Amino acid sequence: MERGACQHRGRAQRPAQGPIERPAPSIIERDLVTEPVQTGIIAVDTLFALGRGQRELIVGDHATGKTTLAIDTMIAQRSSDMICLYVAVGQKTSSVRRAIDALTSQGNFARCIVMVAGSASAPGLQWIAPYAGMTMAEHFRDTGQHALIVIDDLSKHAATHREIALLTRQSPGREAYPGDVFYLHARLLERAAKLSPAKGGGSLTALPIAETDSGNLSAYIPTNLISITDGQIVLDAALFHQGQKPAVDVGLSVSRVGGKTQAPVLRKAAGTLRLDYAQFLELEVFTRFGGMPDGHVRDQLRRGECIRAILRQPQHQPLRLIDEVALLSALHAGLLDTLSTRDFADAVAPRAACHAPGTGASTCASLSGRTARLCGRE
């Protein structure tokens, strides 16, 4: 593994050993996925809620914020009981350094494990890294604790597998991948599960990352991973370049667990948010052809712009559950309709910054005062 990015963090204690390849828990050993994973990202928590024990794919083009989305989810666990693992496969040292710096400054790095098999590492190390990371995460799950593992990314892992397979003269198939590439990732991700109370009640949540080319979700590896996982969060390059970050494509993203794991208060506050936003996107397309919409349509467009502004969030500033509920309640009450998009960003971003580690009380008071003035309360 590469040591340059994190060698100054010290060596990890090794309490036990385990095989990197082991069978996934059987059906009878599993339990229902009912407990939420609060990502702190309002677009995910309200529209595609994640549960402990779920496998949710993060997929999108190069440089669309996939790693940032995963790191923000890890940062959001700084006050929870989840232990986070980040496995970097084939990533540049500079990218890993940025991830570690974000976890150190914004998250609880004492409850994080970072495993690096960078682009300069041997193919064998890159191939074995996700399995080793999964075994480490299973240690916490099997002892009744809760773990979250991010694998960044499985597209590079599949390319490494193809490289090894071609060197060992295995027969190539579609896109020159060997025939067992589906099983390669299926047996890895099946190990993420929520265990039954008889097995300790621990959970292992997996957030694998995959990269697409020009948004092509029908490519071989993305198709395999979509069929293996319990849903996908699709990041759109066009939305990213328009400044809508995180660039979540609401139409293509889905969580197959969804509302079953969502916090009841958040589910009630979200209401018909996804339907309202989908209707806004359709109306926005039609209004581009010209014409003056009536008052009802203008109100829908204004409400849709407020929803889009809520879903826009600065990186490394996850929101608390109470903040997400407050924003949604203010939206449905119409309190945000008078704010412009710029004023709304100036009001919400400081609110998130108040809860970041290292923010003093005087700074929070100043930011809260500015937010109150923007919202017309002073």
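Start with the sheet: select the strands β5, β4, β6, β7, β3, β8 and β9, which in that order form an open sheet of seven strands with mixed pairing. Two strands count as paired if DSSP finds at least two bridges between them. Now colour β5 (112-117) and β9 (254-255): these stand at the edges with a single partner strand each, so one side of each has no neighbour in the sheet.

A word on what is on your screen: this is a predicted model, in which local features need pLDDT of at least 70 and side-chain atom pairs count only at pLDDT 80 or more, while totals for chains, interfaces and linings use all residues. Residues are numbered from 1 along each chain as its sequence is written, and side-chain values use heavy atoms, with hydrogens and water left out.

Zoom out for a moment. The protein has 14 helices and nine strands; these are DSSP runs numbered from the N terminus, with helices being H or I of at least four residues and strands E of at least two. Of the 378 residues, 49% are buried. Buried means under 20% relative accessible area, exposed means over 50%, and partly exposed lies in between (1.4 Å probe, protein chains only).

**Inside the sheet**

Select β3 (residues 57-60) next. L57 and V59 point one way and I58 and G60 the other, and all are buried. On to the partners of β3: four bridges pair β3 with β8 (residues 231-235) in the parallel sense, and I58 has I233 as its bridge partner there. Strand β7 (residues 203-211) also runs parallel to β3, joined by three bridges, with G60 opposite E211.

Then move to β4 (residues 82-89) and β6 (residues 146-152), a parallel pair joined by seven bridges.

**A serine and a histidine**

Is S253 buried or exposed? With a relative accessible area of 1%, S253 is buried. Look for S253 in the loop between α8 (237-241) and β9. A polar atom of the S253 side chain lies 2.8 Å from the backbone nitrogen of V234. That is a polar contact: a pair of N or O atoms within 3.5 Å where, within protein, one must be able to donate a hydrogen and the other to accept it, and residues adjacent in sequence count only if both atoms are side-chain atoms. Leaving aside neighbours within four places in sequence, S253 is in contact (heavy atoms within 4.5 Å) with F48, Q232, I233, V234, V248 and R274.

Now click on H241, in helix α8. H241 counts as exposed, at 67% relative accessibility.

Helix α2 (residues 66-75) is mostly covered, with eight of its 10 residues buried; among them are L69, A70 and I71.

Finish the helices at α11 (residues 295-311). Its 17 residues should span 24 Å at 1.5 Å a residue, and the end C-alpha atoms are 24 Å apart, which agrees; the expected span is 1.5 Å times one less than the number of residues. At the start of α11, a side-chain oxygen of D294 comes within 3.3 Å of the backbone nitrogen of H296. Buried residues in α11 include V297, L301 and C306.

**Charges over rings**

Last stop: select R162 and Y177, where R162 lies over the face of the ring, 4.3 Å from the ring centre. Then try K245, whose charged end sits over the ring of F240 at 4.6 Å from its centre. A charge sits over a ring if NZ of Lys or CZ of Arg is within 6 Å of the ring centre and within 35 degrees of the ring normal.
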